[in-house]
Each structure stands twice: as structure tokens, then as C-alpha cells.
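This briefing is for a reader meeting the structure for the first time.

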Amino acid sequence: GKGGWFMRPAKANAGDLSRAEMKKMVEKGNGLRRSAFQLLTKAKGGDEAQEVLDECLVLLNIAQGLYEDSGVLGQHGRDAVAALKSAVKARRKKLKLDPPSGADV
């Protein structure tokens with residue numbers, strides 16, 4: 001599910017958002033996605049890898065929410081997030097880490 005705690009826009013639906021607002025959300029999502037990617041490249045193993053990958057997923061989930069809220073503009077971002085989530089999953093498997101408790105991966 002989508003955690004309601006992160007920056008949900010106050011507007012009820014994407015139809016209320018101006019294109020400029022949607023663009024801002026996409027850019028914010030892109031920034032989070034880049035951070036997540038950088039974290040992923042750092043996850044080499046050991047205890048910190050587990051933390052890094054958890055953090056990575058948190059950022060990706062926030063980015064995903066932003067992309068979903070920005071509708072059509074966020075489509076590419078959504079695909080990229082899905083790809084990165086798979087990469088996180090693969091890295092976990094490779095490093096034999098447990099999946100995070102209660103996280104939707």
C-alpha cells in the first residue's frame with residue numbers, strides 16, 4: 001500500500017493540479033530517484049547494505065507517489081522506479097539480505 005505519511009499534495013486529484021505543479025512533482029520524483037540510484041550503487045554488503053537498500057526503497061516509494069499524482073507526466077518516472085525496485089530486490093537476493101518487514105517490494 002502507499003503510506004500516507006509522506007508529502008501528499010493537498011489537492012484531491014491530479015485534475016486539480018496545474019501542469020507546472022505536476023512538472024515540479026516529476027522533478028522532485030526525479031531527484032529522489034537519482035538519490036535512490038546513488039544509494040543502490042553504494043550497497044555492497046554487510047549490515048549497512050540492508051539499511052542503504054531500505055532507505056533506497058523509501059525514496060523510491062515517495063518518488064512513485066509523486067509520479068502517480070502527476071499523472072501522464074509521471075509515466076516515464078513510474079517505469080524507472082519499477083526498474084529500480086527490481087534492482088533493489090536483485091541486490092538484496094545477491095547479498096542474501098532479508099526483505100524489509102512490512103515494506104511493499
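A contact here means heavy atoms within 4.5 Å. By that definition, residues 24 or more positions apart account for 70% of the protein chain's contacts with a separation of 6 or more. The model is predicted. Its protein chain holds three helices and zero strands, and the order of elements from the N terminus is α-α-α.

**Confidence**

- The protein chain has a mean pLDDT of 84, and 79% of its residues reach 70 or more.
- Over residues 1-5, pLDDT stays under 50.
- For residues 1-5 the model has seven contacts beyond four places in sequence.
- Where pLDDT is low, the predicted coordinates should not be read in detail.

**Burial and the nonpolar core**

- The protein chain has 105 residues, of which 37% are buried.
- The largest nonpolar core contains 24 residues. Those that touch the most other members are Leu-32, Leu-40, Leu-53, Cys-56, Leu-60 and Val-88.
- Two or more core residues come from each of α1 (19-42), α2 (47-69) and α3 (75-94).
- Helix α2 gives the largest share of this core, with eleven residues.
- Leaving out residues up to four places away in sequence, Val-88 touches Leu-40, Leu-53, Cys-56, Leu-57 and Leu-60.

**Packing of α1 and α2**

- Two packed helices are described by the angle between their axes and the distance between the axes.
- The axes of α1 and α2 cross at roughly 160 degrees and come within 8 Å. Angles over 145 degrees count as roughly antiparallel, so α1 is roughly antiparallel to α2.
- The crossing of these two helices, α1 and α2, is left-handed.
- On the α1 side, the residues that meet α2 include Met-25, Val-26, Gly-29, Leu-32, Arg-33, Ala-36, Leu-39 and Leu-40.
- On the α2 side, the residues that meet α1 include Val-52, Leu-53, Cys-56, Leu-59, Leu-60, Ala-63, Leu-66 and Tyr-67.

**Packing of α2 and α3**

- The axes of α2 and α3 are 10 Å apart, and the two helices pack at an angle of about 165 degrees. Helices α2 and α3 are therefore roughly antiparallel to each other.
- The crossing in which α2 passes α3 is left-handed.
- From α2, the contact is made by residues including Gln-50, Leu-53, Cys-56, Leu-57, Leu-60, Asn-61, Gln-64 and Tyr-67.
- From α3, the contact is made by Gly-77, Arg-78, Val-81, Leu-84, Lys-85, Val-88, Arg-91 and Arg-92.
- Leu-53, Cys-56, Leu-60 and Tyr-67 are among the α2 residues that meet α1, and they also take part in the contact with α3.

**Single residues**

- Asn-61 is found in helix α2. Its relative accessible area is 18%, under the 20% limit, so Asn-61 is buried.
- Asn-61 and Lys-85 lie 24 residues apart in sequence, with their C-alpha atoms 9.1 Å apart in space.
- Lys-96 lies in the segment after α3. The relative accessible area of Lys-96 is 72%, so Lys-96 is exposed.
- Most residues other than glycine have a negative phi. In Lys-96, which is not glycine, phi is positive, near 55 degrees.

Methods: Residues are numbered from 1 along each chain as its sequence is written. This is a predicted model: local features need pLDDT of at least 70, side-chain atom pairs count only at pLDDT 80 or more; totals for chains, interfaces and linings use all residues. Side-chain values use heavy atoms; hydrogens and water are left out. pLDDT is the predictor's confidence in each residue, from 0 to 100. A nonpolar core is a set of buried Ala, Val, Leu, Ile, Met, Phe, Trp, Tyr and Cys residues joined through side-chain atoms within 4.5 Å. Buried means under 20% relative accessible area, exposed over 50%, partly exposed in between (1.4 Å probe, protein chains only). Helices (H or I, at least four residues) and strands (E, at least two) are DSSP runs, numbered from the N terminus. Axes are lines fitted to C-alpha atoms, for helices over the stretch in contact, and angles run from 0 to 180 degrees between N-to-C directions. Angles under 35 degrees count as roughly parallel, over 145 as roughly antiparallel, 65 to 115 as roughly perpendicular and the rest as oblique. A crossing is left-handed if the near helix is turned anticlockwise from the far one by less than a right angle, and right-handed if clockwise.
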